[in-house]
Amino acid sequence: MAEGLSSRATLADQATSTLGSRVTIAERAELGLATLRARKDQDAALREIVQQQHGVSLPQTPAVARADAIAFVGLGPHHWLAVADGQSHRLAPSLTSAFGSLASIVDQSGGYVVFSVGGSAIRDVLAKGVPIDLHPRAFPPGTAATTVVSHIGAIIWRNDDQNAQPCFDIAVFRSLSHSFWRWFSDAAAAFGCKVKQQQVP
């Protein structure tokens with residue numbers, strides 16, 4: 001777990017709510033995270049090599065493109081967050097080796113904590129702190145946004161539904177992960193929340 005997430009016990013206690021557990025949360029452990037920003041006039045070349053090596057097109061909008069082992073989250077023009085299970089601090093060096101001449105690549109594996117949240121009431125919980133429309137018509141699977149969660153800077157993207165329930169990943173700076181955890185604990189209390197084990201590859 002990320003340093004400072006000592007409120008796990010508090011959140012776990014709330015999972016016994018008489019309403020049942022309508023919300024889930026888990027930390028995604030051992031992720032490799034890295035930001036990529038295309039160098040000047042290298043956007044097209046970067047897109048081509050990513051397509052060749054990973055079989056996906058880098059998103060040109062706030063969206064997620066997934067391959068078997070890696071995902072690219074669009075953060076802004078020519079700017080992406082790469083996410084890979086089980087890569088930890090190995091992701092950035094591997095990306096730099098593959099196409100570092102075309103992009104500025106910064107390891108973010110220790111900089112962010114990524115939480116996976118879901119459940120039938122997850123939109124009700126997130127609506128308490130996320131100032132964007134997460135309705136499925138506005139935010140279908142594969143959509144991403146750089147936003148805030150209760151004044152905490154965050155990157156949020158929607159994954160494919162799990163057990164017919166919506167599922168989101170939320171990345172926050174590690175130094176603010178405890179604040180996010182505390183906010184989520186309070187926001188989810190009315191719905192019942194199940195704290196899952198860390199998600200590992």
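**View 1. Six strands form an open sheet in the order 8-9-10-7-1-11, with mixed pairing.** Strands are DSSP runs of E, at least two residues, and helices are runs of H or I, at least four residues, numbered from the N terminus. Two strands pair if DSSP finds at least two bridges between them. Strand 8 and strand 11 are the edge strands, and each pairs on one side only. This is a predicted model: local features need pLDDT of at least 70, side-chain atom pairs count only at pLDDT 80 or more, and totals for chains, interfaces and linings use all residues. Residues are numbered from 1 along each chain as its sequence is written, and side-chain values use heavy atoms, with hydrogens and water left out.

**View 2. Strand 1 pairs with strand 11 in the parallel sense.** The pairing runs over three bridges. I25 stands opposite V195 in strand 11.

**View 3. The largest nonpolar core has 29 residues.** Such a core is a set of buried Ala, Val, Leu, Ile, Met, Phe, Trp, Tyr and Cys residues joined through side-chain atoms within 4.5 Å. Buried means under 20% relative accessible area (1.4 Å probe, protein chains only). V23, I25 and F184 are among the residues with the most contacts inside this core. Helix 5 gives the most to this core: six residues.

**View 4. R28 lies in the loop between strand 1 (23–27) and strand 2 (31–38).** R28 is buried, with a relative accessible area of 16%. Its side chain makes a polar contact with the side chain of D85, at 2.8 Å. A polar contact is a pair of N or O atoms within 3.5 Å; within protein, one must be able to donate a hydrogen and the other to accept it, and residues adjacent in sequence count only if both atoms are side-chain atoms.

How values were computed. Buried means under 20% relative accessible area, exposed over 50%, partly exposed in between (1.4 Å probe, protein chains only).
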